[in-house]
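Here is a short briefing to read alongside the model. Take a look at the fold, then follow the points below.

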Amino acid sequence: MSMWVGLAVLAYLIAIGYLGYRGYKGTLSATDYLIAGRGTHPYIMAMSYGSTFISTSAIVGFGGVAAMYGFGLMWLAFMNILVGIFVAFVLFGSRTRHMGHRLDAHTFPEFLGRRFQSPFIQGFSGALIFLVMPLYTAAVLLATAKYVAEQLGMPYETALFVFSAVVAVYVIMGGIKGVMYTDALQATIMVAGMSVLLVLTYHLLGGFSSVHRELSGLAAQVPEKLIKAGHQGWTRMPAFGSPLWWTLVSTIMAGVGIGVLAQPQLAVRYMTVRSTKEINRGVPTGGLFIMLTVGFAYIVGPLTNVYFFRKLGKISLVAAAGDVEKIIPMYIKDALPEWFAVLFMLTVLSAAMSTLSGQFHAMGTSLGRDLYEQVLRKGRKAGTVLATRVGVALGILISVFLAFSLEKKFGKTGTEIVARGTAIFFGLCACAFLPMYIGALWSRAVTRAGAVAGMLGGAFSSLFWMLFVHEKASTALLLCNKLFGVRSLGITLEDGVEKFCRAGPVIWAFVDPAIIGFPVAVVLTVAVSAVTRKPASEHLDHCFGTPAPAPAP
């Protein structure tokens with residue numbers, strides 16, 4: 001087993017190294033390094049977008065969460081396809097490519113900054129990405145390093161550092177071209193691995209209809225704690241208005257499902273192709289990719305309960321001692337053939353490397369292009385690629401430190417680190433960027449002041465909710481407890497007993513920050529834009545590609 005794993009990983013790394021080298025040789029300018037020279041093939045763009053979007057956190061982290069919640073996570077897969085692919089490509093992608101080309105934008109913050117003629121928007125967006133994205137990258141690193149360490153029998157720390165170093169080399173050297181070339185290969189491996197996983201699972205458990213009936217019958221095995229939180233079995237949604245329902249709907253479905261539209265590492269993909277037609281051609285490829293990867297992961301996750309109950313008399317969460325990130329790796333190792341463990345390891349590596357490379361590149365461009373060149377050097381173009389490479393290196397170091405610290409502190413407690421780290425970043429992007437991004441693409445009425453107000457209001461209101469109200473986040477971040485003596489301001493203590501604050505079916509401690517921050521951002525963007533000076537019509541005509549009106553006779 002170890003020999004085959006070693007040979008497979010070696011062959012995989014040689015292929016990745018070759019594609020990274022091709023990206024390096026093809027990078028001759030800052031435009032090549034940042035947006036691949038605007039000449040990417042639609043298949044490569046769609047597969048790169050999908051594999052950057054879908055990471056180890058979706059397969060291992062959210063797959064484990066699906067084992068706990070049940071088939072309710074299939075709504076997230078639906079949102080991923082409808083919003084993350086169809087709406088993103090057809091509505092957002094085409095207009096972003098068109099406007100980004102006219103504005104000569106090379107990054108997502110630069111696109112927003114130039115659309116609203118605001119260096120502050122570009123600088124603040126770049127800083128927010130560079131400072132907050134490491135939480136997301138750390139979650140992906142953590143899940144991957146844990147799996148690699150278990151499969152290869154090495155310490156978690158060794159797997160973390162070696163894996164990070166491999167990704168660092170081809171991202172720093174090859175830029176976005178190296179990233180997208182490797183993404184296309186990694187996406188293909190992910191589709192193969194997840195398709196085989198689904199087929200083997202149904203074959204092992206006895207077919208579609210019988211195993212689903214058996215899973216429904218396991219509802220009596222749901223732990224009492226989950227029942228009190230609203231769990232009604234793995235084939236049903238949680239009880240309406242319960243803590244689990246709010247977590248599933250507001251954090252997982254809304255935070256992740258809608259937050260994808262304003263992901264900087266994804267939005268920049270639209271600017272890498274030649275035309276809108278090529279973006280539209282990527283829709284079927286992207287949609288099928290999502291269904292064959294995370295859709296299959298969210299089906300397999302709940303079905304692991306049947307396997308572990310048959311063998312151990314325990315559901316998956318109990319068999320994994322409460323650590324949801326261990327459920328999928330345990331199932332692969334215990335239930336499936338050894339040859340598939342090799343394929344699945346390559347699938348996990350591909351999912352992680354494709355996502356991480358996009359994240360590291362986004363962090364590097366945020367520091368090098370958006371902060372260093374455009375803010376500190378006032379747009380003087382000198383040393384952009386070098387500064388971006390330095391930014392990538394710093395982002396990797398911060399992410400590795402966070403992944404090391406999170407595993408040390410929370411890795412054994414079943415706190416869903418991977419899924420929550422992903423949801424936090426997606427939700428923050430939705431609050432800080434999405435209202436402004438929508439206004440940039442479709443409205444001439446949104447002003448610079450309105451965009452700034454919405455961005456700041458959305459970012460800080462969601463951060464406040466995360467630090468002081470949302471129970472899972474505020475408990476982990478500790479600040480609320482230090483200042484107010486409770487884990488969350490959505491919790492009161494009555495005779496030493498915790499009681500969740502309610503407003504009808506709304507349990508405030510379980511409402512995701514995105515549900516609070518996004519409406520705040522929308523209201524501020526619209527209200528401030530209504531009372532502040534509109535941008536010059538010449539600039540808007542240039543952005544939207546509208547010809548100037550003929551002069552009056």
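Let's start inside: Phe-89 touches Met-45, Ala-46, Tyr-49, Ser-94, Tyr-270, Ile-279, Asn-280, Gly-282 and Val-283, leaving aside residues up to four places away in sequence; contact here means heavy atoms within 4.5 Å. This is a predicted model, in which local features need pLDDT of at least 70 and side-chain atom pairs count only at pLDDT 80 or more, while totals for chains, interfaces and linings use all residues. Residues are numbered from 1 along each chain as its sequence is written, and side-chain values use heavy atoms, with hydrogens and water left out.

**Cores**
- Phe-89 is among the residues with the most contacts inside the largest nonpolar core, which has 165 residues; such a core is a set of buried Ala, Val, Leu, Ile, Met, Phe, Trp, Tyr and Cys residues joined through side-chain atoms within 4.5 Å.
- Helix α8 (residues 156–205) gives the most to this core, with 22 residues.
- Another core lies apart from it and has 13 residues, including Trp-246 and Trp-465.
- Buried residues make up 60% of the 553 in the protein chain (buried: under 20% relative accessible area, 1.4 Å probe, protein chains only).

**Overall fold**
- The protein chain contains 24 helices and four strands (DSSP runs: helices H or I of at least four residues, strands E of at least two, numbered from the N terminus).
- Along its principal axes, the C-alpha trace of the protein chain spans about 85 × 60 × 40 Å.
- Of the contacts in the protein chain with a separation of 6 or more, 81% join residues 24 or more positions apart.

Methods: Buried < 20%, exposed > 50% of the residue type's maximum accessible area, 1.4 Å probe, protein only.
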